[in-house]
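Reader: Could you walk me through this structure, a few questions at a time?
Author: Gladly; let us look at it together.

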Amino acid sequence: DMVEVVEHIASHAEIDTTSVLLALLGSISASLCGRYVVQVDLEWGEPGCLYVVEAAESGSRKSYVIGTLKHPFEQYFGELTLEHEAQSAKSNQDNKHIGTLKRRVISFLISSHLKNSSADGVYMGDPNEALSDIQGTINGLDQIVEATKPTFSTAPQIFLSTTSRVSAGEGMSKQGENACVFEAEGSFFEGEIANKSTHPGLYLKAYDMERYDYSSKNVGKISLQKSAMTILAFAQPDVLMKFYSNKNLKTRGLNARFLPYFASKPSTMIRQRSAPPSLKPGAMRVYNAKIAEMLKRNYTQDKNRVIRTVSVTPEAYDLVKAYEQDMKQYVASPEYLHMSSFLAKAHGAVVRLALCVHAWNNPEPELSPITREEMEAAISLMDVIIEHANIAFTPERSQACVDAQEIIAWIRRCDWADTIPVFQAHDAMNAISGLNKQRCHAALDLLEQHDYIRQYFEAGRDRICVLTPQLVESNFPQRNRLTRRY
């Protein structure tokens with residue numbers, strides 16, 4: 001049913017299924033609310049926190065993806081908020097009544113004691129006896145007050161809006177030390193993470209569910225014992241590039257904790273626009289129900305929340321340990337020096353992804369171990385992510401990816417008269433503002449590597465680009481005449 005959920009969202013959003021799958025796993029991670037750790041062996045444990053950033057061009061309907069994934073969260077916390085408001089109103093009213101009752105009862109007890117302990121106007125009683133009776137009554141009324149308190153001390157919520165690191169930590173301290181970020185436009189990611197030059201301490205600690213301490217004149221001291229966070233952000237490609245070019249964040253190791261992915265539209269985009277999307281409403285009912293059940297079981301405002309432990313089968317353990325060894329040779333290779341820190345954490349990310357798959361398959365994840373099949377699925381996805389990370393950690397390749405997407409968008413806007421469309425490099429440069437020769441050639445080379453075009457070179461002439469038949473057949477209907485060239 002996870003596949004059906006992914007296909008349903010992807011068909012409506014006009015975005016590739018891998019992008020949706022990664023976002024879905026981020027949603028599952030958020031619903032675990034920082035309550036799970038995978039204990040791979042005695043020395044290796046991985047929390048269920050995921051940081052995902054996806055680059056998506058305009059028109060990919062990323063807002064639909066985020067909105068669909070957020071729906072059960074908003075519904076669940078909306079209902080909790082209404083319940084909290086009703087409980088708070090009743091509690092305030094009860095407190096007033098009990099406060100009035102407390103004063104009357106105390107006055108009555110004192111009067112009764114004085115009356116029963118006095119003779120001829122002389123007090124003969126024991127004050128301690130009166131105080132004991134009064135204190136017992138107060139304790140009883142206080143128990144009633146405690147019983148009428150709302151379930152939560154503050155309005156339940158785990159989503160962080162655009163906010164500062166300090167206010168984020170303050171908010172987490174009221175929500176069980178856990179929070180998540182879901183956003184389609186990357187405003188929080190861009191403003192508070194990608195462009196920051198300050199120490200990203202909170203995000204480093206929350207990724208590994210570690211203690212975080214911070215002092216501020218405005219909010220005082222913030223101390224989170226087991227901070228936890230899930231980040232799922234779609235952003236423009238240039239924002240993602242800035243993030244991976246941020247030397248401060250790269251030095252601190254924050255970049256290596258994010259799973260990057262360059263989302264793309266399906267190759268059959270235009271054909272899909274003329275056909276109805278694949279409707280699988282039953283899949284979305286399953287998704288909404290599963291996320292709601294996870295939140296019901298995992299959400300808490302208790303700072304001392306219980307952390308549940310998930311194990312792995314021996315077969316799954318052997319598989320991820322072999323993957324760890326495979327990654328070590330790439331980490332040591334000069335060819336992958338630019339992303340060595342990311343590759344060094346790849347096996348840990350695999351375990352986190354496997355936990356999300358496992359949580360989807362099992363309502364109580366801690367009662368059964370992660371299987372070999374679940375670990376294999378996570379490894380397959382991680383292999384794809386590594387390809388995208390190789391682009392993200394190489395700024396020049398990131399720029400080429402952005403330019404290539406611009407060229408593809410331009411190609412799709414054109415009406416081609418020829419059966420097999422042909423253009424020259426300078427056509428693309430003239431059509432796309434700011435695209436110079438060096439960047440254009442790098443982007444065309446990237447498009448050729450991915451079988452979008454074939455390039456032909458002749459000394460002294462501009463390179464000629466021919467669209468591949470597969471791209472033509474899937475994206476461009478036959479036209480009888482040229483209506484618009486560029």
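Author: Before we start, two strands pair if DSSP finds at least two bridges between them, and strands (E, at least two residues) and helices (H or I, at least four) are DSSP runs numbered from the N terminus. This is a predicted model, where local features need pLDDT of at least 70 and side-chain atom pairs count only at pLDDT 80 or more, while totals for chains, interfaces and linings use all residues. Residues are numbered from 1 along each chain as its sequence is written, and side-chain values use heavy atoms, with hydrogens and water left out.

Reader: In which sense do β1 and β2 pair?
Author: Strand β1 covers residues 36-39, and its glutamine 39 stands opposite glycine 45 in β2. Over three bridges, the sense of the pairing is antiparallel.

Reader: Which strands stand at the edges of the open sheet?
Author: The sheet has three strands in the order β2-β1-β11, with mixed pairing. Each edge strand has a single partner, so one side of it is left without a neighbour in the sheet. The edge strands are β2 (45-47) and β11 (308-310).

Reader: What angle does helix α14 make with β2?
Author: Helix α14 (residues 346-361) packs on the sheet and touches β1, β2 and β11, where contact means heavy atoms within 4.5 Å. Axes are lines fitted to C-alpha atoms, for helices over the stretch in contact, and angles run from 0 to 180 degrees between N-to-C directions. For the directions of α14 and β2, the angle is about 60°.

Reader: What is the phi of cysteine 33?
Author: Most residues other than glycine have a negative phi. Cysteine 33 lies in the loop between α2 (17-31) and β1, and it is buried at 3% relative accessibility (buried means under 20% relative accessible area, exposed over 50%, partly exposed in between, with a 1.4 Å probe and protein chains only). Its phi is positive, near 55°.

Reader: Is glutamate 177 buried or exposed?
Author: Glutamate 177 sits in the loop between α5 (165-173) and β6 (178-183). It has a positive phi of about 65° although it is not a glycine. With a relative accessible area of 0%, glutamate 177 is buried.

Reader: How many aromatic pairs are there?
Author: Rings of Phe, Tyr and Trp (its six-membered ring) pair if their centres lie within 6.5 Å; planes under 30 degrees apart count as stacked, over 60 as edge-to-face and the rest as tilted. By this rule, the count is 19.

Reader: What kind of pair do phenylalanine 159 and phenylalanine 182 form?
Author: Phenylalanine 159 is in the loop between α4 (127-147) and α5, and phenylalanine 182 is in strand β6, 23 residues apart. Phenylalanine 159 is buried at 17% relative accessibility, and phenylalanine 182 at 6%. With 5.3 Å centre to centre and 55° between the planes, the pair is tilted.

Reader: What about tyrosine 287 and tryptophan 360: what kind of pair is theirs?
Author: Tyrosine 287 belongs to helix α11 (residues 281-298) and tryptophan 360 to helix α14, 73 residues apart. Both are buried. At 6.4 Å centre to centre and 25° between the planes, their pair is stacked.

Reader: At what distance from the ring centre of tyrosine 207 does arginine 352 lie?
Author: A charge sits over a ring if NZ of Lys or CZ of Arg is within 6 Å of the ring centre and within 35 degrees of the ring normal. Arginine 352 lies over the face of tyrosine 207, and the distance is 3.7 Å.
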